[in-house]
Amino acid sequence: MENVKYLAKTIAQVVFYYSWSISLTFFNRWAFSSFHFPLVVTFCHMTFVFNAVWLYRFFHKSEYGSDGISWTVYLKRVWPTGISAALDIGLSNWSFVYITVSMYTMCKSTVIIFILLAAMIFRIEKPRIVTSVVIVLISLGLFLFNYKSTSFNLFGFILIMLASAFSGIRWVLAQILLQRDSLGLSSTMDFVYFVQPSMCFSMLPFAVVIEGSDASLSPYFGLAEGQQILYVFIVITTGACLAFGLTFSEYLLLSNTSSITFSICGIIKEIVTLTLASTIGGDQLSVVNCLGLLICLSGISLHSYLKYKKTVAERKAKEQQLLPDEETLINSASSSNGDI
């Protein structure tokens, strides 16, 4: 009965995560295809998320003990994480101006490559032959997926690949922050609360320099009238709510399952997103593009399987360390008999 309850709870959380993630993907594609200020909007989203987390912590003070961290930790650990996260999200949203949902989903799935590379650079993972196989499969699949694609846009492709690279750095740095209790950021809400300001300040100069002048003269911002102001407010607020919901659903799923389950759910989500993009969004995929999709997903699946095996092996090793060996048991029994 407990297993059934756990399964039902996990399925509900997966559906909850899918609804936020897929909704945000299609909403951003729709919004930024006509509303050409993705960096300004992204900055507004980040500010909204920080305020939402701040309000949550304010009304749940007893649950969170981290009132502050040292400037040394913030500048050396938190700020680089915030910069990489801001560039990941900002460039991802910017790419929606130029590419389709299908291309975005496929290119963003290569983040596993950059996570592996960043993990090896920061010495979290050791270089292995099988890692190279995963990278080759995903790279080959990406090449075939974009081969002679009618929707291919070079600038959009560069943006989303840069976003994937920064995403790899972001998640490795986030892993380091979350797994070191001495830094005081092991709590998810504490992590978001302290990282989010660095994301906002990192995104602000890009938004001002790249889009500031055009946004100030656009009918949506600088020269906006009452009805247009309402439209802008609705678009930004809706996207911000979706972004906050996605952040919450990701951590909710991770906190109750495992990274392996989350990875597998990510693969299924990509298939669902691509299917919806083809049926609803009208994205066209050739036979070669579909072959590339299968090869790329096989690389991601191989990576998830290897992570699963590694997790099982580490769990067994810990269990063996906790269990006393046979010689220790014999000696303990002899000592007990001698005492009697």
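Predicted model: local features only at pLDDT ≥ 70, side-chain atom pairs only at ≥ 80, totals over all residues.
Residues are numbered from 1 along each chain as its sequence is written, and side-chain values use heavy atoms, with hydrogens and water left out.

A search of the whole structure finds two salt bridges, each defined as a side-chain nitrogen of Lys or Arg within 4 Å of a carboxyl oxygen of Asp or Glu.

| Salt bridge | Distance |
|---|---|
| Lys108 and Asp88 | 3.0 Å |
| Arg170 and Asp88 | 2.7 Å |

Lys108 lies in helix α4 and Asp88 in helix α3, so their pair ties together parts that are 20 residues apart in sequence; helices here are DSSP runs (H or I, at least four residues), numbered from the N terminus. Arg170 counts as buried because its relative accessibility is 16%, and Asp88 counts as buried at 2%.

The side chain of Lys108 also makes a polar contact of 3.0 Å with the side chain of Ser92, a polar contact being a pair of N or O atoms within 3.5 Å, of which, within protein, one must be able to donate a hydrogen and the other to accept it, and residues adjacent in sequence count only if both atoms are side-chain atoms.

How values were computed:
Helix = DSSP H or I, 4+ residues; strand = E, 2+ residues; numbered from the N terminus. Buried < 20%, exposed > 50% of the residue type's maximum accessible area, 1.4 Å probe, protein only.
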